[in-house]
Amino acid sequence: MTYCKLMLKHTCNWKVSENVKLYRIVDYTIDYYGYGALPLPFEINCLNSCHCFMHIIMMSDLVLLMVITYLTSLSGMCFSQSSKVYSLVYQDFAEDTYDKCVRLLNGTHEIGCQSSTEGNTGVLVHLNETAVLNKFLESGTRKHYVVLLESSLFERNIMLRLKAKENVQGVIVYEADNFYQRAWSPDLSCTSDRFGLYSNGSYGREYQECNNGAKLWNPLGDGITEESFPFPVFYMRSSSGRDRLINCYKDYNVPEAYPLCSVQMKSHMFGAVDSVTCTRRSNLQNSFTSVGYCDPLGGMNVVTSLQKMTSDVSSEKDSIILVSAALDSRSFMSSFTAPGADMATGFITLLGVANALGQLTKTQKLELSKNIMFILFDGEAFDHMGSTRMMYDMKNGDFPVNRDSEKTQPPPVNLTHVSHIFELGQLGYIRDGVWAHYNPISSKAVLNSVYDAINILQNLSASVPVQNQSTGIGLVPSSLQTILQHRDVPGVVLTDYDDQFTNRQYFSRFDTLKNILSLRYNQNTTDEQIMDLLQPIAQNLSNIATAIAKMLYLIAGGSHTSTSPLDNITVDQNMMNDLLYCFLYNPNCDLFNEHLPLNSKANLSSISYRRYTSVYTGEVSDYAGISMNILASFTGEKLQNFTECLSKSDDQTVRYFNMNGNRSVAEGVCILSSTFATKALAFPLETKKLQENIAMYGVWTESRWTKTTFRLRLFLLQDELSQGMVLLAGLLVMLTSFATVYVLNEKAAILFNTGIV
């Protein structure tokens with residue numbers, strides 16, 4: 001109900017006409033409840049000593065006000081989504097039933113999807129076979145179409161053909177009940193060709209991807225994630241929503257006769273051109289209003305030190321071993337990004353290694369001549385954002401914390417302090433063993449150190465064979481490529497493939513736990529059954545993690561004697577099983593609940609984390625936060641005196657983690673650890689130094705949108721004759737209304753002459 005208070009003010013001593021007796025009516029207020037009729041009597045407020053008489057003066061104006069207000073109110077009610085008229089015209093889809101393609105921008109161009117301001121509308125056409133698709137591309141002649149596309153046809157070449165057919169206004173992708181998860185990757189086949197170690201054209205040109213037929217790491221990648229579409233693309237997650245669309249098409253569009261089943265899709269984005277242009281526009285806009293066009297993508301890296309860091313012990317040359325893995329994932333649709341199961345096995349294995357080495361006593365850790373630092377990179381799916389930022393921070397003395405002379409801080413770490421780098425990549429498809437990758441054109445001294453490390457690992461890993469990469473191939477796409485551009489360090493990347501990805505769904509929504517297991521479980525599968533299914537992969541990962549942990553211990557200066565702890569270093573398979581279950585199946589698990597901050601009100605999801613980096617906020621994301629707590633717990637020191645668990649704001653060498661624990665004690669557990677969260681954000685976006693050569697950086701932004709940006713709804717489209725008749729009827733009603741108001745206005749003095757009250 002609309003409520004209006006109308007105040008009309010007039011002066012005294014008005015001229016009295018013959019037909020209208022008006023005696024100095026001054027101010028009156030009309031309370032109006034908007035359903036088109038004014039309640040009587042009017043409320044009269046006299047504001048001076050003039051005599052008050054109630055008379056309907058200027059009645060023509062009031063009638064005009066009534067008509068206009070009524071029509072406005074009626075129009076608003078008709079178009080309100082809660083109105084009966086709206087529900088008779090449209091069928092809306094809940095926003096959580098479909099995933100969306102959004103607009104992203106990098107240093108050179110824009111990618112993703114975009115609709116018009118009010119959304120794109122078209123007649124629904126169902127394309128579920130190649131023959132039907134070809135027929136539509138050749139003969140579809142209507143002005144506007146929205147395509148309902150079966151998932152097996154969703155690939156770059158077909159989408160580009162639909163894009164070229166300018167009457168396509170949107171695409172809705174769905175999966176049939178008998179859909180087979182095909183081998184397909186939406187990422188580039190040249191996954192690191194843009195900012196990789198061999199991308200400058202001179203160094204290692206023979207290993208540059210897409211160069212004269214060089215080996216492609218991701219041959220199934222079609223690069224659709226790098227394309228820009230001028231229409232919305234949604235993925236229908238709900239089977240009931242899919243059936244509504246298909247049935248609507250069958251009922252009204254086969255054969256094609258009016259009324260036609262039509263769809264409106266809305267996903268209007270504010271960002272455009274590229275990150276540089278969009279950021280400049282946002283900065284200019286923010287100087288006047290709070291509205292902007294795009295925001296930088298970025299997250300937080302997680303860094304922990306096996307040895308407790310102190311402010312008075314500076315790092316020496318080659319005194320640190322870095323162990324890294326990527327945290328994030330990516331897919332064409334960003335709202336419900338697939339968990340990237342194969343990539344996740346890399347950082348899950350790293351957590352296992354940290355757990356094994358973290359069980360060394362404090363004395364045993366200090367006896368090591370080299371410190372071991374574990375790093376989880378965020379934003380690696382976007383041109384290695386996390387590792388690029390780490391190198392920038394190292395260069396400027398801000399790693400692992402930003403310099404602050406007023407606080408107690410660990411000494412800065414840079415690349416000269418690093419003796420070895422070991423990166424854990426895709427490890428989910430371990431079948432015949434693990435491959436060790438390195439830069440084949442490193443210096444002889446570096447390669448000798450690499451070979452020594454691989455030999456140690458091979459001798460320690462009997463259950464999971466470790467093999468050298470094949471000859472004739474360069475370093476696999478990795479964070480290590482970013483680091484080696486700054487210094488030639490002995491580095492090894494461990495993966496489940498040799499010369500091309502074993503994962504045949506890399507960065508697609510099919511890269512799930514089901515594909516790694518090659519099994520089909522469903523909603524009726526119990527948690528116990530899932531844990532049983534995880535046993536084979538958990539065993540492989542725990543075996544290789546144990547071998548890596550022992551290798552790191554020996555390279556860090558640990559001894560291999562009868563009294564050394566080497567033989568006791570092991571990764572518990574059950575713990576690895578829990579990590580896989582929690583990260584890739586159900587985050588609402590005991591392990592994650594134990595590592596939540598004490599008294600945290602966070603509700604863990606029952607759906608695996610989406611590991612899309614998203615807009616930079618300066619806060620640690622859910623998946624990075626729980627990873628940081630677990631890493632701190634595995635490598636840190638458990639304090640017996642709980643009162644010590646206090647954060648000292650001026651001491652940044654360590655951090656106190658107050659977590660739930662296993663609930664055996666009410667106050668939880670307190671962990672003291674040298675664990676840090678560092679920025680995974682492109683520094684040009686942070687410093688606002690948008691140089692002209694920005695294209696050389698992995699600068700990514702995400703377009704802004706509003707809360708009402710996304711919409712998907714069905715409706716029936718009438719033929720043009722019917723639409724014209726409706727328009728004509730509306731015009732007649734409008735003209736009749738104007739004529740009525742005009743007559744009332746002209747005859748108001750006669751019609752509403754009620755005399756003096």
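**Entry 1: helix 10 against helix 14**

I looked up the handedness of the crossing and found that helix 10 passes helix 14 in a right-handed crossing. The model I am reading is a predicted one. I then took the axes of helix 10 (residues 444-460) and helix 14 (residues 535-555), which come within 9 Å and cross at roughly 135°. Helix 10 is therefore oblique to helix 14, because an angle counts as roughly antiparallel only when it is over 145 degrees.

Next I listed the residues in contact. Helix 10 contributes A453, I456, L457 and L460, and these meet A547, I548, K550, M551, L554 and I555 of helix 14. Sorted by class, the residues of this contact of helix 10 with helix 14 are nine nonpolar, one charged and no polar.

**Entry 2: helix 7 against helix 14**

I turned to a further partner of helix 14. The axis of helix 7 (residues 341-358) comes within 8 Å of that of helix 14, and the two cross at roughly 55°. This angle makes helix 7 oblique to helix 14. I noted a right-handed crossing where helix 7 passes helix 14.

On the helix 7 side I recorded T345, T349, V353, A356 and L357 as making the contact. On the helix 14 side the contact residues are I537, L541, I544, A545, I548, A549, L552 and Y553.

Which strands does helix 14 lie across? I found strand 16, strand 17 (371-377), strand 18, strand 19 (434-437), strand 20 and strand 21 (491-495), with helix 14 running at about 180° to strand 18.

I traced the sheet itself as an open one of eight strands, in the order 20-19-21-18-16-17-15-25 and with mixed pairing. Its edges are strand 20 (466-468) and strand 25 (675-681), each of which pairs on one side only. From one strand to the next the twist averages 25°.

Strand 16 (residues 320-326) and strand 18 (residues 418-424) run parallel and are joined by five bridges. In that pair L322 stands opposite I421 of strand 18.

I also looked up helix 17 (residues 622-635), which lies across strand 15 (298-305), strand 17 and strand 25. Helix 17 runs at about 5° to strand 15.

I examined strand 10 (residues 168-174) with strand 12 (residues 233-236) and found parallel pairing over three bridges. V171 stands opposite V233 of strand 12.

**Entry 3: disulfides**

How many disulfides does the structure hold? I found four. I examined one of them, the disulfide of C101 and C113, whose sulfur atoms are 2.1 Å apart. The link of C101 and C113 is right-handed, with 90° about the S-S bond. The pair links distant parts of the chain, 12 residues apart. I placed C101 in the loop between strand 5 and strand 6 (104-105), and C113 in strand 7 (residues 110-113).

Methods. Residues are numbered from 1 along each chain as its sequence is written. This is a predicted model: local features need pLDDT of at least 70, side-chain atom pairs count only at pLDDT 80 or more; totals for chains, interfaces and linings use all residues. Side-chain values use heavy atoms; hydrogens and water are left out. Two strands pair if DSSP finds at least two bridges between them. Helices (H or I, at least four residues) and strands (E, at least two) are DSSP runs, numbered from the N terminus. Axes are lines fitted to C-alpha atoms, for helices over the stretch in contact, and angles run from 0 to 180 degrees between N-to-C directions. Angles under 35 degrees count as roughly parallel, over 145 as roughly antiparallel, 65 to 115 as roughly perpendicular and the rest as oblique. A crossing is left-handed if the near helix is turned anticlockwise from the far one by less than a right angle, and right-handed if clockwise. Contact means heavy atoms within 4.5 Å. Ala, Val, Leu, Ile, Met, Phe, Trp, Tyr, Cys and Pro count as nonpolar, Asp, Glu, Lys and Arg as charged, and the others, Gly among them, as polar. A disulfide is a pair of cysteine sulfur atoms within 2.5 Å.
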